[in-house]
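Student: I would like to learn how to read a structure, one feature at a time. Where do we begin?

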Amino acid sequence: MKRPPKHAPARIDSTADLRRFQRMMAAAVIRPLDADDNLQQKWVDGRAMADVAAEYIKPNDRLSSFERLQLYNQMYWYRLLEAVRDDCPGLRAVLGEPAFERLARAYLTDCPSQSFTLRNLSARLADYLRAHPRLTAPHTALAIEVARFEWAQTVAFDDAARPVLTLADLAASPPRRLRLGLQPYITLLALRHPIDTFVISVKRRDVLRAEASNAPESPAGRRPTRVRRPRPGRTWVAVHRHHNRLFYKRLEPAAFRILTALQAGRPLAQAIAAAGPRVKPAQIQAWFTAWMSLGWFCAPGNKRRGRRS
Amino acid sequence: MPANRFNGQCDYGIGIGLRVPHYAHILAKKPVVDWFEIISENFMVDGGRPLQLLDQILEQYRVVQHGVSMYFGSADRPDRTHLRKLKALVKRTRTPWLSDHLCWGSVDGTYTHDLLPMPYTFAAARRTAEKIRMVRDYLEVPICVENVSSYAEFHASEMTEWEFLSEVVELADCGILLDVNNIYVSSKNHSFDPYAYLDHIPHHRVGQMHVAGHTRFEKYILDTHDHPVLDPVWKLYAHATRRCGVSATLLEWDDKIPSFDEVHHEALKANEFIGDAKKAAS
């Protein structure tokens with residue numbers, strides 16, 4: 001968003017005036033809350049926020065201009081923080097609630113939503129963690145992997161499914177020229193920790209907590225049972241869906257190499273060669289049989305080409 | 001008006017919002033409901049479970065789309081991706097009309113995900129109406145705009161909220177989704193007479209109504225959608241139906257959602273408040 005104007009327009013006589021007004025108010029609404037979760041006392045230029053708010057918001061007999069603006073400021077932050085919390089149970093388990101809260105506020109401050117839907121709110125989180133390692137230290141590598149994994153779940157949940165290729169489609173071209181696309185909802189992840197089992201443990205814990213008590217919880221009162229952080233362990237996994245249910249499929253390293261080569265747009269013969277000489281043809285055939293039965297292959301498209309993590 | 005060009009000439013009755021906690025009940029029990037309102041954004045995805053579920057609902061029920069992020073009042077042009085996905089959903093649901101809010105919430109591509117109140121000026125009304133026309137022409141479906149609850153008023157405003165609403169819908173030649181609870185909430189927050197609001201809007205443009213619960217705090221009221229509808233709102237609803245006729249009416253319950261039967265029962269209470277309007281019509 002562009003910088004807010006120095007002052008909100010006194011009159012709104014044009015779309016340009018309306019835009020200036022909206023920049024002014026939106027900047028205030030998304031401005032980080034202070035330590036007490038209130039609207040900051042100072043505006044970006046150092047003036048008293050109360051004076052700035054009074055320039056464009058009317059007070060009433062119960063609330064000052066500042067207090068009226070504060071309602072919107074607080075609702076914005078509570079709503080978006082709740083959305084990020086809901087997106088990231090695994091990351092919360094890695095960092096603990098206080099550290100996650102600090103991270104979420106920093107992320108939303110630096111990366112306000114650029115999408116009409118809250119579904120995309122955490123899309124940039126893994127990149128943000130990479131660029132701001134201090135926010136997750138000393139668990140940065142793990143945190144990044146969990147953030148990637150949790151975003152992959154969102155993709156698997158509702159990204160597009162394209163028409164599945166059949167054996168006849170495959171037979172139509174020789175392997176040297178045949179290119180297979182992977183379904184857009186599939187994310188391939190090469191990880192240094194078994195994030196799949198960790199995320200499953202967190203989900204199980206959360207389900208048990210929900211079943212154990214119907215008492216409403218406030219965010220401040222959340223003290224979840226701790227799930228142990230995973231120990232290092234190389235893991236290759238495809239996050240995908242089948243019959244509209246979410247799954248994490250472990251892959252052999254060679255299988256992972258084949259799929260990433262296909263996803264990058266390489267022809268089938270080259271992709272199979274990427275598996276390495278020690279993999280037996282029968283093994284590769286078995287993998288392809290399984291992937292075909294899962295409906296993973298579609299016509300190659302540019303949209304997701306080369307997307308792997 | 002029961003059926004008019006702003007709601008696709010549909011004489012729908014009393015509906016409720018389609019919400020996640022009720023999915024299993026609805027699919028298993030197939031309760032009789034006049035219609036469901038869906039939040040468009042929840043289904044503006046490319047695949048997966050949300051669309052599968054929507055298709056199952058569409059097989060059994062009438063569905064109307066209600067959006068929360070078109071932001072007709074934002075100075076920005078409508079987002080193309082948003083429009084494209086919304087049009088795909090309109091084709092899927094064949095919604096007879098589509099509603100979204102008379103508000104703004106984004107600027108320069110940054111989204112607040114809130115329904116922010118408009119400055120009630122003639123220039124803002126012209127821009128808002130222009131965007132409503134743009135969206136309607138692209139989507140090819142009637143549009144009703146909903147009045148929002150608000151907690152702030154602006155020095156720049158040149159008219160009342162109901163005058164602004166009237167100005168916009170006349171310029172855009174669109175319908176009104178009259179949210180009676182929002183009128184009540186704003187009337188308390190801004191100390192105006194909610195009946196004056198209802199008396200001074202173009203009644204023939206009302207294509208749908210909303211009722212909902214709210215929460216009263218010491219100095220203001222919040223539109224929380226987490227309670228049954230309160231008596232003053234029902235009274236206001238009765239007055240609205242006398243003025244506008246009995247429109248398709250929907251109960252919004254979005255937080256602390258009770259059982260399906262409880263929500264539906266609450267919605268059907270609307271029938272108790274439309275007697276005078278029905279007599280007047282007959």
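Student: Is Ala48(A) buried or exposed?

Tutor: This is a predicted model, in which local features need pLDDT of at least 70, side-chain atom pairs count only at pLDDT 80 or more, and totals for chains, interfaces and linings use all residues. Residues are numbered from 1 along each chain as its sequence is written, while chains are lettered from A and ligands numbered from 1 in the order in which they are written. A residue is buried if 20 or more other C-beta atoms, placed from the backbone, lie within 10 Å of its own, exposed if 12 or fewer, and partly exposed in between. Ala48(A) has 12 C-beta neighbours inside 10 Å, so Ala48(A) counts as exposed.

Student: Where in chain A is Ala48(A) placed?

Tutor: Helices (H or I, at least four residues) and strands (E, at least two) are DSSP runs, numbered from the N terminus. Ala48(A) is in the loop between α1 (15-29) and α2 (49-56) of chain A.

Student: Which residues is Ala48(A) in contact with, leaving aside neighbours within four places in sequence?

Tutor: Contact means that the C-beta atoms of two residues, placed from the backbone, lie within 7 Å. By that rule, Ala48(A) is in contact with Gln41(A) and Lys42(A).

Student: What about the nonpolar core with the most residues?

Tutor: In soluble globular proteins, nonpolar side chains tend to be buried together. A nonpolar core is a set of buried Ala, Val, Leu, Ile, Met, Phe, Trp, Tyr and Cys residues joined through C-beta atoms within 7 Å. The largest one here has 162 residues, and Val145(B) and Val180(B) have the most contacts inside it. Helix α7 (residues 140-158) of chain A gives the largest share, ten residues. Among the residues that Val145(B) touches are Phe72(B), Ile132(B) and Leu177(B).

Student: How many residues of each chain meet where chain B is in contact with chain A?

Tutor: There, 39 residues of chain B are in contact with 48 residues of chain A. On the chain B side, β6(B) provides the largest share, six residues.

Student: Which strands pair in the antiparallel sense?

Tutor: Two strands pair if DSSP finds at least two bridges between them. Strand β1 (residues 57-58) of chain A and β8(B) pair in this sense over two bridges. Ile57(A) stands opposite Phe154(B) in β8(B).

Student: How many helices and strands does chain B have?

Tutor: Chain B has ten helices and 13 strands. Of the 282 residues in chain B, 53% are buried.
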